[in-house]
Amino acid sequence: MATDAWQQARNSAVALWRRVHPDRVPAIEAELGDVREELIAAREEGDVQAEGDLAADWQRRLRRLLRDDPSLAPELRRVLDEELTPLLATADQVSPASVQQTATASGHSRVYQAGGNQTIRGV
């Protein structure tokens, strides 16, 4: 990620933590620096698994941040949509899918629909 884009992404992430856990901001700043170095190394080595692991780690951190302060959800969505996603290369941007489903069941039939993964137990 280019220096300006990285700095903007870093600032956005730190601002979120500052609202909920201001005491953790220095640690988050340091960890973001470490993650950037790890990400650069993973991309240079073509290590897609490491990139995915880094992304999953920060997704967990953001979920915990929201767990600690659910009112942060609109701000996190705004930061993701308006600040972070535009920094990604166009190929890396994921747009939300729109799913519309319609089903009709009659008699004793069942309908199972999913817009993603689905697990059915005890049927």
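These are my notebook entries on a predicted model of a protein with four helices.

**Entry 1: the overall picture**

I began with the secondary structure. The protein has four helices and zero strands, and along the sequence I read the pattern α-α-α-α. I then looked up burial: of the 123 residues in the protein, 21% are buried. I also checked how far apart in sequence the contacting residues lie. Among contacts between residues at least 6 apart in sequence, 47% join residues at least 24 apart.

**Entry 2: confidence**

The average pLDDT of the protein is 82, and 88% of the residues score at least 70. Which element has the lowest mean pLDDT, and which the highest? Helix H1, residues 3-20, has the lowest, at 83, while H2 has the highest, at 90.

**Entry 3: helix H2**

I went to H2 next, which covers residues 25-45. I wanted to know whether its length fits its residue count.

Which residues of H2 are buried? I found Val 25, Ile 28, Leu 32, Val 35 and Ala 42. Looking down the axis of H2, I see these buried residues within an arc of 90°, so they line one face of the helix. On the other side of H2, Pro 26, Glu 37, Glu 44 and Glu 45 are exposed. After H2 comes Gly 46, and its phi is positive, near 70°.

**Entry 4: helix H3**

I repeated the exercise on H3, residues 48-68. Its 21 residues should span 30 Å at 1.5 Å a residue, and the end C-alpha atoms are 30 Å apart, so expectation and model agree. The buried residues in H3 are Leu 54, Trp 58, Arg 61, Leu 62 and Leu 65. Seen down the axis of H3, they fall within an arc of 95°, so here too the buried residues line one face of the helix. Val 48, Gln 49, Arg 63 and Arg 67 are exposed on the other side of H3.

I then asked where the nonpolar residues gather. The largest nonpolar core has 17 residues, and the members touching the most others are Leu 16, Trp 17, Ile 28, Leu 32, Trp 58 and Leu 65. H1, H2, H3 and H4 are the elements that give two or more residues to this core. Which of them gives the most? H1 does, with six residues.

Leaving aside neighbours within four places in sequence, Ile 28 is in contact with Val 14, Trp 17, Trp 58 and Arg 61.

**Entry 5: salt bridges**

Last, I turned to charged pairs. Side chains of opposite charge can pair when their charged atoms come close. How many salt bridges are there? I count 10.

Is Arg 61 buried or exposed? Arg 61 is buried, at 17% relative accessible area. Together, Glu 31, Asp 57, Arg 60 and Arg 61 are linked in a network of salt bridges.

In H4, residues 73-84, I found one more pair to note. Glu 75 forms a salt bridge with Arg 78, and their closest N and O atoms are 2.8 Å apart. Glu 75 and Arg 78 are three residues apart in H4, so about one helical turn lies between them. Glu 75 is partly exposed at 24%, as is Arg 78 at 30%.

Conventions: Residues are numbered from 1 along each chain as its sequence is written. This is a predicted model: local features need pLDDT of at least 70, side-chain atom pairs count only at pLDDT 80 or more; totals for chains, interfaces and linings use all residues. Side-chain values use heavy atoms; hydrogens and water are left out. A salt bridge is a side-chain nitrogen of Lys or Arg within 4 Å of a carboxyl oxygen of Asp or Glu. Buried means under 20% relative accessible area, exposed over 50%, partly exposed in between (1.4 Å probe, protein chains only). The expected span of a helix is 1.5 Å times one less than its number of residues. The arc is that of the directions from the helix axis to the C-beta atoms. pLDDT is the predictor's confidence in each residue, from 0 to 100. A nonpolar core is a set of buried Ala, Val, Leu, Ile, Met, Phe, Trp, Tyr and Cys residues joined through side-chain atoms within 4.5 Å. Contact means heavy atoms within 4.5 Å.
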